[in-house]
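This report covers how two chains of a model meet. The sequence and structure come first, followed by the interface.

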Number of protein chains: 2
Amino acid sequence: MALTATESATSVTDSFGSAVALSCRECGARYDLGPVFACIECFGPLEVAYDFGRITRESIARGPNNIWRYKALLPVPADVEDLPNMNPGQTPLVRADRLAAELGLRSLYVKDDSGNPTHSFKDRVVAMAVEAARTFGFTTLSCSSTGNLAGAVGAAAARAGFRSCVFIPAGLEEGKVVMAAVYGGQLVAIDGTYDDVNRFCSELIGDPAGEDWGFVNVNLRPYYAEGSKTLAYEIAEQLGWRVPDQIIIPIASGSQLTKIDKGFQELIKLGLVEDRPYRVFGAQATGCSPVARAWENGHDVIQPVRPDTIAKSLAIGNPADGPYVLDICRRTGGAVEHVSDSEIVDSIRLLARTEGVFAETAGGVTTGVLRKLLADGVLDPEAETVVLNTGDGLKTLNAVSGTGVTATIKPSLGAFKEAGLL
Amino acid sequence: MALTATESATSVTDSFGSAVALSCRECGARYDLGPVFACIECFGPLEVAYDFGRITRESIARGPNNIWRYKALLPVPADVEDLPNMNPGQTPLVRADRLAAELGLRSLYVKDDSGNPTHSFKDRVVAMAVEAARTFGFTTLSCSSTGNLAGAVGAAAARAGFRSCVFIPAGLEEGKVVMAAVYGGQLVAIDGTYDDVNRFCSELIGDPAGEDWGFVNVNLRPYYAEGSKTLAYEIAEQLGWRVPDQIIIPIASGSQLTKIDKGFQELIKLGLVEDRPYRVFGAQATGCSPVARAWENGHDVIQPVRPDTIAKSLAIGNPADGPYVLDICRRTGGAVEHVSDSEIVDSIRLLARTEGVFAETAGGVTTGVLRKLLADGVLDPEAETVVLNTGDGLKTLNAVSGTGVTATIKPSLGAFKEAGLL
């Protein structure tokens, strides 16, 4: 995938809207927009830098009913809504009064990202990567995935006309495997953990065999990751252009949490929301809680772990953005907390029973952490709070196995009454 | 559930917006708005009659980003968006250029209702029934269901604070069973077909035990059924206020098809869209195709069948609205067609591979019928066409069983290359 400097300076810049460069998160070195993801100087992660023009609430409201209403804040072309893409976003922000009452909170919302096309927040990030892959001329879309991303890449590749080949750890949930495979691309299971899959992908990307491949979360990662900012924009707009006082976000690689914070900061700088303090809380499963452990111990460095939890979509033992998560939670007065697998299952049921939201295990993690932080007096029960559900219970049915019919009866009123169900 | 005439005339009317009465579809007899569903005169089905005020495209555009933007066209109170409800709708209308190219169509869209909160169109109809149940003071929400409705009722009851007890035929897909049960209501399986379940519910509704029960698709059916009109409104608005030339709709009870036609007719009468001809096509699975058989044979009466198809969400052997479906397809120059289970599976894969939409079996039925009607020269390949996907592939995983990983390998580039996957 050779891009000369001249090509890069013209066509590529147009394709990325208000994005002007890649910038190293560690040392600030700047690079042309290209399919690169690590700083040559210091090996720090690169992220997209922008030169935003004037952006108003009204100009956003005139946009389409999906993430492209925020296109002026994203690395995408001006005509992005006319290109074949999954067009995710504008998922419900559910006012969760019954759950709030049960937990003793004054004001609670669930941002329910199971409403996206493949029913997880991954559609947001993949939508960005698709545009970058198109611009860079990649022909195959790929990724390492804990399951949700595999489905999102498979679907988006089908819609946009890319070949796809995605890599998952062996042993994922059936719903995630079928959803990743049904779009007709290649789905390769790797004997190992997600971290093994990730290392394998880094190997492939350095090989000539991977030359025309856009790995959405490796060589396209700077663009891809920006998609999570749309969660911040939507939450603020759905609240009537206000940043919530407290937000609970799941941590896998940690990228989503850092980008939601980036999104809030952008809205504040652009004057789209009032500049008020907000607190960011990270949520992990106890069986994969390297960031929560570092938080507990006051460390700045994340000690990798080998995941063992039902929350497979969060089972990243070596989370790349873990240190940045710690920074943000400290800066905003938040925290990082973890809950056990049984608390995850209880919380899935609690959210379903009180709000009619059937979350995947990651939503059980955030709801469980919400409950734990409230019980521990860490969260302010009077403050406006948002909890994220980033995936769909239909993809992690095993977590609530044993959930089924109350009774099976003959089709008669007598049988119903005899069964004692009234 | 006793409602005196006085109560009915005041509070109830306010709660139903521009709806003014129930009207018999057969003989035109009118009734006060109440929890009734059949004409006392002729036993015909009752439907909601309205006295619409002035409704403009602009007034609709100012509404919320869900079905309540059309509240002026629905039997719901003016403050409906402030009440706890699942707020479905505004699902994607996917421009399906790749599927169109493969089939030789000029302009094709997929209305993808898997984007609703419980991932089927049933959230639309249940949202109406919830408002009616609230108004009539019912305390338990119930239904007979082929699966999708059970999940929609369970979730909506949880959100709105009703007790729920839903009835399904034994042997439904795991995804549908778990999704119906996870919200904490009662889920009762009946040994028999959907039609047996339906008969059982009619028995229960006549019993004192069912007095405080709102059966969304029995005694609340006139309100419930109106929810399907929102599919017509959304499709027209998403096309830029235009009715498509051709639309392919699945048939279970047939209610959805009749209400989409009613919705288009209302838009025409209100001057919200141009009055142009459109053709309505009904789609059934061969294993449960009583309406398609009647169409083939030129009959006006539907001969009930015993369903035997993987399209369980369409497996209603005695479809109540079958005769009205025949009328509409005749009036508009459409047709009713059916496809086999293997064609359904092929069509699920076709839609997934070309458009990244993972449909449940009902979406395989409509896509299969689209393909068949095109091949037979019944559909005009030059005309703007919409095909409905009313449910989610994650709930009918068995239909695409055998879909899984291409290969399982060790985490090394060598293993990948040896597996011949490049």
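## Strand pairing between the chains

Two strands pair if DSSP finds at least two bridges between them; helices (H or I, at least four residues) and strands (E, at least two) are DSSP runs, numbered from the N terminus. In this predicted model, strand β8 of chain A (residues 186-190) is joined by 3 bridges to β14(B), and the two run parallel. Within β14(B), B:Ile409 stands opposite A:Ile190.

Residues are numbered from 1 along each chain as its sequence is written, and chains are lettered from A in the order in which they are written.

## Extent of the interface

Chain B has 67 residues in contact (heavy atoms within 4.5 Å) with 67 residues of chain A. About 5,600 Å² is buried between them, 64% of it from carbon and sulfur atoms. Buried area is the accessible area (1.4 Å probe) that two parts lose on being put together, summed over both.

## Salt bridges and contributing elements

The interface of chain B and chain A holds 6 salt bridges, each a side-chain nitrogen of Lys or Arg within 4 Å of a carboxyl oxygen of Asp or Glu. One of these links A:Lys410 and B:Asp191, with the closest N and O atoms 3.6 Å apart.

Elements giving two or more residues to the chain B side include α5 (148-160), β7 (163-169), α7 (194-205) and α13 (341-355). The largest share, 6 residues, comes from α6(B).

Technical notes:
Predicted model: local features only at pLDDT ≥ 70, side-chain atom pairs only at ≥ 80, totals over all residues. Heavy atoms only, no water.
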